[in-house]
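Please read these notes with the model open beside you.

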Amino acid sequence: MDAEVVIAGAGPTGLLLAYELGLAGVPALVLDKSPHPDEQPRANGLVGQITRVLDHRGLLHGTPLHPIAVPRFPFGPLTLELDRLETSPLHVLPVPQRALEDLLHSAATAAGATVRRGHEVTGFAQTDDGVTLDVRGPAGDATLTAGHLVGCDGGRSFVRKHAGIAFPGITSDEISRMARVTMPAGEVTVDGGTLTVRGVRLALLRPNRTATGTITVAPQRMLDPAADPDVYILATSEPLPPNPPDHPLTLDELRASVHRVIGTDLPITAAHWVRSTVANSRQAETYRTGRVLLAGDAAHVFAAGGTALNAGLLDAVNLGWKLAAAARGTAPAGLLDTYHAERHPAAQRAILHTRAQAALSAPGENAEALREVLTEALRHPGPLAHLAALMEGSDVRFGPGPLIGAWAPDALDGPAATAAIRQLSTGRPLVIDATDGGKLTTTADPWRQRLEVVALPGAGPSALVRPDGYLAWAGDSPDGLHEALVGWMGAP
């Protein structure tokens, strides 16, 4: 066998999955058909729970990056005024996707992964024992064998299509055009959350709706303090024309779109990374068929920005330890099936709020009424916190009750939460023994080569924390812990 796990796609999701597998002792082989990383900027940062996961994993240590609990954030055309809450539930990590990929590539290879660029998966077949892959690379065609294949190869995923997995959903009736543009400082005024240019006032970071479309603009410095102060991220959205152009977007076409949306020209002197896209909102019917799995955009695409990487990278963290256990032969029956069972509903939640944002941004009196009603609701702390948690992804529970299935750093308190956060950097399961006399430590002893135990008498309920930080069990019963360990880790 050439590799226990082959990952198709060396984007952020594929690279983080390779790191997670390496953390669990399974070196992955990552294949990407592009000979070089994509230099075109895509995401300008991460939004959601993955920011804290990466921090607790230790992947941000030694960098200037850290999660920021944001005081305000757009929800479609609305603004979530999170500074009115005691603590903002929504976190961002300002990092360009290219820099994120560099960070994850270094982490993955340091953990034992091999990344081969210029290698395209052109076919595969699976049996009960493994997957045989046809690969085209610089030296020609070759055949590889693997225990499992994971498609992290984007929204047009070859792996998903070749596996015959349906990808139902909807395609937007609008076209978005975007670029990083240069506008002279003398013609642009930024004051608080507003940008004024040539008599036009635009709210920053959220869509500004006009009768003909929307325009979104933000200084690049809001995401990268070292950026040129004259550079802005700009995007327009308009109804999809009957015959959309099939050539790359030009600067003149972007300027024309801006004029149609706001009724005037902007002083754009240059533009980089000019591109257009038609949004899709789709989800694979299953994330697993036999030994073939999907993660990231191959499994789901969304109608609003800021969500795809959060969902895809959380896929990788959920899947990594489970797939590693399957590769090592220690996974209990059904463990790999919990990947789809847990992450498919989580992505459905993300699709829910991104489609809601798209609906809010639509023209017409019905959407205007919806915006007005929701604006009123968001003046109250409860709805505001709920919507922020939905965008964060922290409202997801993988089990019943307030503890089981919750994310340990949020669900536990004091020393127990500190222990869970510390353990996340190792990627190993953790037993928190809060009983007097450490009676649960004895229960966990047969698994001690594969988990850690921390004795914290009186620190609350004892708990079993999974490698991804979620609580698999909570209580004080040795029998209950034994059952949870067998169920999540297999026989000792």
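The numbered points below go from the whole chain to its pockets and cavities.

1. This is a predicted model. The protein chain has 13 helices and 28 strands. Along its principal axes, the C-alpha trace spans about 75 × 60 × 40 Å.

2. The radius of gyration of the protein chain is 24 Å, which agrees with the value near 23 Å that a compact globule of 492 residues would have. Buried residues account for 50% of the 492 residues; buried here means under 20% relative accessible area.

3. Consider contacts between residues at least 6 apart in sequence: 67% of them join residues at least 24 apart. The chain exposes about 21100 Å², and carbon and sulfur atoms supply 53% of that area.

4. Next come the empty spaces. Rolling a probe the size of a water molecule over the atoms shows where empty space is left. The search of the whole structure finds three cavities of 30 Å³ or more.

5. The largest cavity has a volume of about 140 Å³. Its lining consists of 16 residues, and N310, A346, A350, G393 and V396 lie nearest the centre. At least two lining residues come from each of α6, α7 (337–360) and α9 (381–392). Which helix gives the most to this lining? α7 does, with six residues. By class, the lining of the largest cavity has nine nonpolar, four polar and three charged residues.

6. The second largest cavity has a volume of about 70 Å³. Among the residues that line this cavity are Q49, V53, R343, W407 and Y470. α6 gives the most to the lining of the second largest cavity, with three residues. Six residues of this lining are nonpolar, two are polar and two are charged.

7. The second largest pocket holds about 300 Å³ of space. Of its 22 lining residues, R328, P429, R450, P467 and M489 are the closest to the centre. The elements that give two or more residues to this lining are α6 (308–328), β27 (462–465) and α13 (478–489). α6 gives the most, with three residues. The lining of the second largest pocket divides into 14 nonpolar, four polar and four charged residues.

How values were computed: Residues are numbered from 1 along each chain as its sequence is written. This is a predicted model: local features need pLDDT of at least 70, side-chain atom pairs count only at pLDDT 80 or more; totals for chains, interfaces and linings use all residues. Side-chain values use heavy atoms; hydrogens and water are left out. On a 1 Å grid over the protein atoms alone, a cavity is a set of points where a 1.4 Å probe fits but cannot get out, and a pocket is an open set with protein on both sides within 12 Å along at least five of seven lines; lining residues have an atom within 4 Å of a point. Grid points are joined across faces, edges and corners, and a volume is the space filled by probe spheres set on the points. Helices (H or I, at least four residues) and strands (E, at least two) are DSSP runs, numbered from the N terminus. Ala, Val, Leu, Ile, Met, Phe, Trp, Tyr, Cys and Pro count as nonpolar, Asp, Glu, Lys and Arg as charged, and the others, Gly among them, as polar. The radius of gyration is taken over C-alpha atoms; the globule rule is 2.2 Å times the number of residues to the power 0.38. Buried means under 20% relative accessible area, exposed over 50%, partly exposed in between (1.4 Å probe, protein chains only). Contact means heavy atoms within 4.5 Å. Accessible areas come from the Shrake-Rupley method with a 1.4 Å probe; for residues, only the protein chains shown count as cover.
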